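User: I am new to this structure. Could you show me how to read its features, one by one?

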Amino acid sequence: MKAVGFKTSLPVSEPESFIDFETEKPTPTGHELLVKVSAISVNPVDYKIRQNSAKDTVLEQPKIIGWDAVGVVEAVGDAVSLFKEGDEVYYAGDLTKQGCNAEYQVIDERIVGKKPKTLSDEAAAAIPLTALTAWETFFDRMRLSPERDQNKTLLIIGGAGGVGSIAIQMAKKLLGLTVIATASRPESIEWCQNLGADFVVNHRNLVEEVRNTGFQYVDYIVDFVDTNQYWDAMADLIKPQGHIASITGSATPIPLNKIKGKSVTFSWELMYTRSTFQTEDMVEQHHILNRVADLLDQGVLQGTLTQTLHGLSAENLKKAHAQLESGTTIGKLVIKF
């Protein structure tokens with residue numbers, strides 16, 4: 001099968017940052033599905049792993065990355081019970097396994113969902129990682145509910161990005177929250193407004209901007225950009241006994257003492273926890289993806305695709321990674337095979 005990978009971590013401008021190559025088509029075992037991939041999307045995790053997973057070394061075999069894919073089940077392992085050959089599926093993958101930048105991929109059925117019927121392959125490929133991340137943040141980490149939290153305030157740092165684009169919708173449509181999203185360019189501000197944000201503020205002067213909307217404090221904050229960069233602002237803006245969640249990691253230790261006086265809860269969210277540790281509730285990602293597919297098919301949620309490249313190639317992966325590394329991407333970028 002055709003695949004795209006890399007043997008060493010290089011700047012995306014370098015010719016060998018991605019290479020086209022041929023490799024054996026994998027065989028599914030146990031709970032695995034063999035999926036013939038038709039579209040993939042790229043996320044910040046892709047370029048971060050490309051930049052850091054093969055530093056100061058040259059791998060014998062190219063590393064295939066990529067998380068977010070749509071395709072058709074071509075074969076199943078002997079323990080598979082959720083899908084059959086011919087099913088259209090979508091999923092966000094597993095950090096510990098081979099990625100989706102290839103014609104075929106094996107993937108555990110418990111982290112795979114049915115493809116939304118009303119979405120094209122490329123539109124569906126834009127959804128899984130961001131939808132799982134936003135859903136787990138709100139419902140699994142923060143344990144929000146419409147009955148208890150309707151009309152409370154949520155600040156989303158990074159409203160126009162991939163996760164922010166679906167999180168705005170979930171917060172409004174599923175939880176009934178008042179959403180304040182950050183964006184700074186006219187096109188990204190308009191994007192957030194169209195997705196349902198009640199207020200859009202500039203992240204460059206976050207505390208003042210939020211307070212200018214009339215809110216001294218907000219009940220909840222989710223960070224989709226940079227925990228360290230916005231920590232002081234988040235500690236200032238969060239309501240006493242509020243909850244902050246972040247997906248972005250931290251280069252240096254976070255001074256949690258800054259939120260102690262307010263008895264604030266802080267949570268990390270990593271969408272890959274369930275698959276990496278094979279948790280007892282791993283199949284919950286299957287259920288979440290199916291729920292999201294239904295919400296998309298019902299028109300409750302809308303797709304977040306904004307740009308499509310055509311063809312599985314090293315050249316297109318370089319273009320996609322360069323776009324994400326620019327930090328100016330609105331919504332999601334997809335490669336259609």
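Analyst: Start with a loop. This is a predicted model. Asn43 sits in the loop that links strand S3 (32-41) to helix H1 (44-52).

User: Is Asn43 buried or exposed?

Analyst: Buried means under 20% relative accessible area. Asn43 has 3% relative accessibility, so Asn43 counts as buried.

User: What does the side chain of Asn43 make a polar contact with?

Analyst: Its partner is the side chain of Lys332, at 3.1 Å. Look at the wider surroundings too. With neighbours within four places in sequence left aside, Asn43 is in contact with Trp67, Asp68, Leu129, Thr130, Leu324 and Lys332.

User: Which side chain is joined to that of Arg274 by a polar contact of 2.9 Å?

Analyst: That of Glu136. Beyond the neighbours within four places in sequence, the contacts of Arg274 include Glu136, Asp140, Asp281 and Glu284. Thr279, Met282, Gln285 and Ile288 are also among them.

User: Now a strand. Which strand holds His243?

Analyst: Strand S12, residues 238-246. His243 has a relative accessible area of 9%, so this residue is buried as well.

User: What is in contact with His243, leaving aside neighbours within four places in sequence?

Analyst: Among them are Arg141, Met142, Asp219, Tyr220 and Ile221. Val264, Thr265, Phe266 and Ser267 are on the list too.

User: How far apart are His243 and Thr57?

Analyst: Check sequence and space separately. They are 186 residues apart in sequence, and 41 Å apart in space from C-alpha to C-alpha.

User: On to nonpolar cores. Which residues have the most contacts inside the largest one?

Analyst: Phe138, Met170 and Val292, in a core of 85 residues. Take Met170. A second core is separate and has 20 residues, including Ile180, Leu206, Ala233 and Ile244.

User: Last, cysteines. How many disulfides does a search of the whole structure find?

Analyst: First the idea. A disulfide is a covalent bond between the sulfur atoms of two cysteines. Here the search finds zero.

User: Are Cys100 and Cys192 buried or exposed?

Analyst: Cys100 is buried, with a relative accessible area of 1%. Cys192 counts as buried at 0% relative accessibility.

Notes: Residues are numbered from 1 along each chain as its sequence is written. This is a predicted model: local features need pLDDT of at least 70, side-chain atom pairs count only at pLDDT 80 or more; totals for chains, interfaces and linings use all residues. Side-chain values use heavy atoms; hydrogens and water are left out. A nonpolar core is a set of buried Ala, Val, Leu, Ile, Met, Phe, Trp, Tyr and Cys residues joined through side-chain atoms within 4.5 Å. Buried means under 20% relative accessible area, exposed over 50%, partly exposed in between (1.4 Å probe, protein chains only). A polar contact is a pair of N or O atoms within 3.5 Å; within protein, one must be able to donate a hydrogen and the other to accept it, and residues adjacent in sequence count only if both atoms are side-chain atoms. Contact means heavy atoms within 4.5 Å. Helices (H or I, at least four residues) and strands (E, at least two) are DSSP runs, numbered from the N terminus. A disulfide is a pair of cysteine sulfur atoms within 2.5 Å.
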